[in-house]
Amino acid sequence: MIHTRINDLLQIKYPLFQGGMAWIADADLASSVSEAGGLGIIAAGNADGDYVRREIRKAKELTGKPFGVNIMLLSPHADEVAKVVAEEKVKVVTTGAGNPSKYMELWKERGITVIPVVASKAMAKMMERSGADALIAEGGESGGHVGDTTTMVLLPMISDSVSIPVIGAGGIADEREAAASFILGAEGIQMGTAFLAAKECNIHPVYKEKIIKAGDRATMVTGKRLGHPVRSLRTSFARRYREAEYSSASDEELEKLGVGALRKAVKDGDEENGCFLSGQAAYYVNEIKSAKDIVEEIMKGCERIMREGFSKWLE
Ligand code: TUI
């Protein structure tokens with residue numbers, strides 16, 4: 001068994017998180033990952049407090065095991081959702097796309113384990129000083145909102161910079177990528193894209209199909225012009241958005257193009273107008289499986305690689 005400080009901190013069997021994907025990671029997906037021995041995470045995304053409270057209560061009915069809530073800090077409802085997770089005494093909170101310092105006291109006094117996502121060394125050190133229990137270092141291979149440092153460079157950098165445990169994310173969907181993360185200093189891994197193909201993931205079948213079929217250059221990054229770079233599948237929508245970014249279109253026109261695009265992908269499978277967020281590791285996601293099989297295959301494969309060691313090229 002792979003056993004790190006993350007297993008002890010969260011009382012979970014496997015140090016594996018399911019990423020908090022906006023519009024996607026609901027109580028069904030999160031509870032099935034937690035039941036499988038990992039940490040399932042409900043994504044608050046842009047949803048309001050009532051939605052998040054309902055999903056938390058649903059997850060509590062579906063599993064007795066720990067699960068988390070991810071708060072996307074760019075959301076207009078972030079303040080409200082921050083209060084809801086405190087009231088509901090969620091065991092773990094992860095944050096993304098910003099600095100969660102202002103909520104830290106509220107969460108810590110309720111005994112919540114706080115694990116911010118960081119994409120830089122400066123943010124990692126600041127979060128450790130503010131009382132974070134662990135960090136998720138997410139490289140630019142990931143789907144959704146991305147920084148530009150890769151997991152390969154970011155993980156050792158962040159692990160060397162803090163003494164709290166670090167979870168690697170971005171570009172992990174296969175056992176070799178998982179094992180490499182531990183070598184780079186991680187004490188846990190987080191996967192998002194790999195769980196898009198979970199049976200329990202309630203996205204439109206067209207979205208799952210696109211992830212399963214994704215090839216070697218399947219994703220691209222758009223949104224840099226407005227300051228929020230986002231990695232998604234290279235669809236006609238993504239190409240159109242990219243063209244608009246480099247045209248004389250105004251910022252307002254660009255924003256209008258993006259409104260509702262995540263929902264259109266997730267709920268409607270709308271190939272023309274939907275934004276299908278995905279990490280580069282979609283290449284390794286080739287079939288629909290239960291969350292339990294995804295968790296176990298990755299962790300067992302990772303453990304086998306660690307036990308075998310790497311003597312292939314040693315004389
Ligand atoms: O947050 C994510 N991934 C996301 S959020 C999202 S929803 C969205 N919708 C529209 C526009 C933008 C996003 C889809 N995917 N990952 C975690 C993550 N956090 N990656 C990078 C960061 C990050 C970035 C800046 C963390 C901290 C940070 O600090 C900013 C600062 O204040 O320096």
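The conversation below takes the labels in turn.

Modeller: This is a predicted model, in which local features need pLDDT of at least 70 and side-chain atom pairs count only at pLDDT 80 or more, while totals for chains, interfaces and linings use all residues. Residues are numbered from 1 along each chain as its sequence is written, and side-chain values use heavy atoms, with hydrogens and water left out.

Colleague: What makes N7 a buried residue, and where does N7 lie?

Modeller: N7 sits in helix α1, residues 5–10, where a helix is a DSSP run of H or I of at least four residues, a strand is a run of E of at least two, and both are numbered from the N terminus. Buried means under 20% relative accessible area, exposed means over 50%, and partly exposed is in between, with a 1.4 Å probe and protein chains only. The relative accessible area of N7 is 3%, so N7 is buried.

Colleague: Which residues does N7 touch, and which backbone oxygen lies 2.9 Å from a polar atom of its side chain?

Modeller: With contact taken as heavy atoms within 4.5 Å, N7 touches I2, I12, K13, Y14 and P15, leaving aside residues up to four places away in sequence. The backbone oxygen is that of K13.

Colleague: Why is the pair K58 and D28 called a salt bridge?

Modeller: The term requires a side-chain nitrogen of Lys or Arg within 4 Å of a carboxyl oxygen of Asp or Glu. The closest N and O atoms of K58 and D28 are 3.8 Å apart, and a search of the whole structure finds 19 salt bridges. K58 lies in helix α3 (residues 49–62) and D28 in helix α2, so this pair ties together parts that are 30 residues apart in sequence. At 36% relative accessibility K58 is partly exposed, and D28, at 26%, is partly exposed too.

Colleague: How do you know that K292 and E296 are separated by about one helical turn?

Modeller: K292 and E296 are 4 residues apart in helix α14, which means a separation of about one helical turn. Their side chains meet in a salt bridge, at 3.2 Å from N to O. K292 has a relative accessible area of 45% and is therefore partly exposed, whereas E296, at 18%, is buried.

Colleague: What makes the phi of W23 worth a remark, and is W23 buried or partly exposed?

Modeller: W23 has a positive phi of about 75 degrees although it is not a glycine, and W23 lies in the loop between β1 (16–18) and α2 (27–35). Its relative accessibility is 38%, so W23 counts as partly exposed.

Colleague: How is the area between domain 1 and domain 2 defined, and how much of it is there?

Modeller: The domain bounds come from an automatic or database domain assignment, which gives domain 1 as 5–202 + 286–307 and domain 2 as 219–277. Buried area is the accessible area, with a 1.4 Å probe, that two parts lose on being put together, summed over both. For domain 1 and domain 2 the value is about 950 Å², of which carbon and sulfur atoms give 66%. In domain 1, W23, G144 and V146 lose the most area to domain 2, together 50% of what that side buries. The count of salt bridges between domain 1 and domain 2 is 0.

How values were computed: Polar contact = N/O pair within 3.5 Å; in protein donor to acceptor, adjacent residues only side chain to side chain.
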